[in-house]
Amino acid sequence: MSERQGSSRERAGTPAVRPAATAVEPAVRPADQRELPATGTAGPATATRADAALPSLWSVTWVRARVELLAFTREREAVVFTFAFPILLLVIFGSVFGREQIEGGVKFAQYFVAGMIAAGLFGTSFQNLAIQIPIERDSGALKRLAGTPMPKSAYFLGKVILVAFVALVQNVLLLVIGVIFYGLSLPASDRWPTYLWVGALGITACTLLGIAATGLVRNGRSAPAIISPIAIVLQFISGVFFVFASLPSWMQSIAAIFPLKWMTQGMRSVFLPDAYAQQEPAGSWEHGRIALVLAVWCVIGLVVAMRTFRWRSREDG
Amino acid sequence: MTDDYAIRVSGLRKSYPSTVAVDGIDLAVERGEVFSLLGPNGAGKTTTVEILEGYRRRDAGEVTVLGEDPAAGHARWKARIGIVLQKVNDLSELTVRESVHSVAAYYPEPRDPDEVIELVGLAEKRDARGSQLSGGQRRRLDVALGIVGAPELLFLDEPTTGFDPEARRQFWRLIEDLAHQGTTILLTTHYLDEAEHLADRVGIINAGRIVEIGAPESLGGRATAAARVRWLGPNGVESVETDRPTTLVTELAAQFGGEVPELVVERPSLEDVYLRMIGHQP
């Protein structure tokens, strides 16, 4: 019982008059009240506390983006995988098939870079989030955040900023390597707006779908086993590794349901000459349909994500 | 906001498909109080606390935490509570400083993050990443993240599980400091000494029910329970249970003409009381 000396039992004051509970800090506080710092007028229990303005969504989003970027850049495996994998594929396919011509007098390297950029965007958004978020959920990170006043949208916006940053770096790397080693021609100046909207709409759709997919994934250990095959199959049937028009028509039909096919098609419209549009199954780039399909996937992703997102792991009950 | 209770619970029930986790709990915690829920694993402590924290939905009962229903989960309400969860292992890539600063940014009037780091004793580890901390340091970081928002009410769910004795003492001092500042604390633990040391009142919980609530020294009628007096008599160890131990000892002293050999006077320990309440025969 001697351990009880200085225990909570001997705290001075009743709850109503406890000094720390007043709005204004007294100029001189008893010694035992001084140990614990509180900024400004923020005592632990004040009437004004409840009225204090919560931090704005944008300030919290900025903090979240910083946390995401710091955590991402420090996870060496994630950085290497995210950036090196598409580049590795570009090097392998570029070295094997790079000089070959495909229909329309286009070098395969040119065709393949368009596909790799789309696949890279898909990987950084859908694949990364659908694998990373369940790991965070298992670690308790999401549960912790859900217990704070952080606006939940700030978490998702932080992820969007991370995805946008990674996608930007990855695109620059792919373009630089394509230009230097595989004779890639950069898009004509009038193609850059297409590049931007296809890229932005594509990663928005895939980011939302990646978040939505986390509701289907039981835990962080099973996530790669579920998500990676989806990503690989989609890459094969969506015209990333093979010329899309040369795929069997049933495969083309399946691919046309999913966003990656439309992203690769959009990127081809950026990197290939307009004449090549004749080689597309529809005989044109179908910009309107690309925008429509990606927008529909944005809506589906958003609705599913809002309905099924879990802040606690399933094991947590 | 007008009442003196930080937490009020009545008739709380929660079932999972295979078990009844909480089976009718009534509870009231005053502002400024340190209240401990003490019970064996699986007694319903965490379920109860997570309902109060707003993480879980209840099946039945009234729950008011800082004047609000936790199920509503308003951001303003969350800004007034602090949560130290069981089993979290996040933020491993960030340094202590980065973690505490980032969480502080979610609150309207946070404490100074650097002072909080000092307070929990992680000043020397401020630039270490979460993954580089020991178990005890990691738990201190959890507490730092729980208090950096300057909460009126702090939830601590089994905060010292796996601590060595020295780390536990240090941790207790930290909690005592917070209590001195007027923070209301709800602590769950399965360590008797922890509840006895820290709590103003202890609620013993078993199989989803509160068995008894009281100050640690009076639980189970400990303070007034019959004392057991033991001594070494001529025919071996003798033992008598009595309501008047002083009288008995005086008599014994007269009988032995001074010192009574191997004299022991004891009342039931918290452990005796606890084990009896949760249904174990000592």
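Tutor: Leu91(B) sits in the loop that runs between β5 and α3 of chain B. The model is a predicted one, and the values below are computed from it. Leu91(B) is not a glycine, yet its phi is positive, at about 55°. Most residues other than glycine have a negative phi. Leu91(B) has 27 other C-beta atoms within 10 Å; a residue counts as buried at 20 or more, so Leu91(B) is buried.

The loop between β5 (81-84) and α3 (96-104) of chain B also holds Lys87(B). Lys87(B) has a positive phi too, about 50°, although it is not a glycine. Its surroundings are another matter: 14 C-beta neighbours fall inside 10 Å, which means that Lys87(B) is classed as partly exposed.

Setting aside neighbours within four places in sequence, Val67(A) is in contact with Leu94(B) and Ser102(B), and with Gly158(A) in its own chain. Val67(A) and Gly158(A) are 91 residues apart in sequence, while their C-alpha atoms are 8.2 Å apart in space. Val67(A) is buried, because 23 other C-beta atoms lie within 10 Å.

Next, the nonpolar core. The largest one has 135 residues, and Val113(A), Ala118(A) and Ala144(B) have the most contacts inside it. Helix α3 (residues 108-139) of chain A supplies the largest share of this core, 16 residues. Leaving out residues up to four places away in sequence, Val113(A) touches Leu90(A), Leu174(A), Gly178(A), Leu184(A) and Phe271(A).

Helix α9 of chain A spans residues 259-271. From first C-alpha to last, this helix of 13 residues reaches 19 Å, close to the 18 Å expected at 1.5 Å a residue. Of its 13 residues, 13 are buried, so α9(A) is largely enclosed by the rest of the structure.

Helix α6 (residues 192-213) packs against helix α10 (residues 287-308) at an angle of about 25°, and their axes are 7 Å apart. Angles under 35 degrees count as roughly parallel, so α6(A) is roughly parallel to α10(A). The crossing of α6(A) past α10(A) is left-handed. Residues of α6(A) that meet α10(A) include Val198(A), Leu201(A), Ala205(A) and Leu208(A). On the α10(A) side, among them are Ile290(A), Leu294(A), Trp297(A), Gly301(A) and Thr308(A).

Methods:
Residues are numbered from 1 along each chain as its sequence is written. Chains are lettered from A and ligands numbered from 1 in the order in which they are written. This is a predicted model: local features need pLDDT of at least 70, side-chain atom pairs count only at pLDDT 80 or more; totals for chains, interfaces and linings use all residues. Helices (H or I, at least four residues) and strands (E, at least two) are DSSP runs, numbered from the N terminus. A residue is buried if 20 or more other C-beta atoms lie within 10 Å of its own, exposed if 12 or fewer, and partly exposed in between; C-beta atoms are placed from the backbone. The expected span of a helix is 1.5 Å times one less than its number of residues. Two residues are in contact if their C-beta atoms, placed from the backbone, lie within 7 Å. A nonpolar core is a set of buried Ala, Val, Leu, Ile, Met, Phe, Trp, Tyr and Cys residues joined through C-beta atoms within 7 Å. Axes are lines fitted to C-alpha atoms, for helices over the stretch in contact, and angles run from 0 to 180 degrees between N-to-C directions. Angles under 35 degrees count as roughly parallel, over 145 as roughly antiparallel, 65 to 115 as roughly perpendicular and the rest as oblique. A crossing is left-handed if the near helix is turned anticlockwise from the far one by less than a right angle, and right-handed if clockwise.
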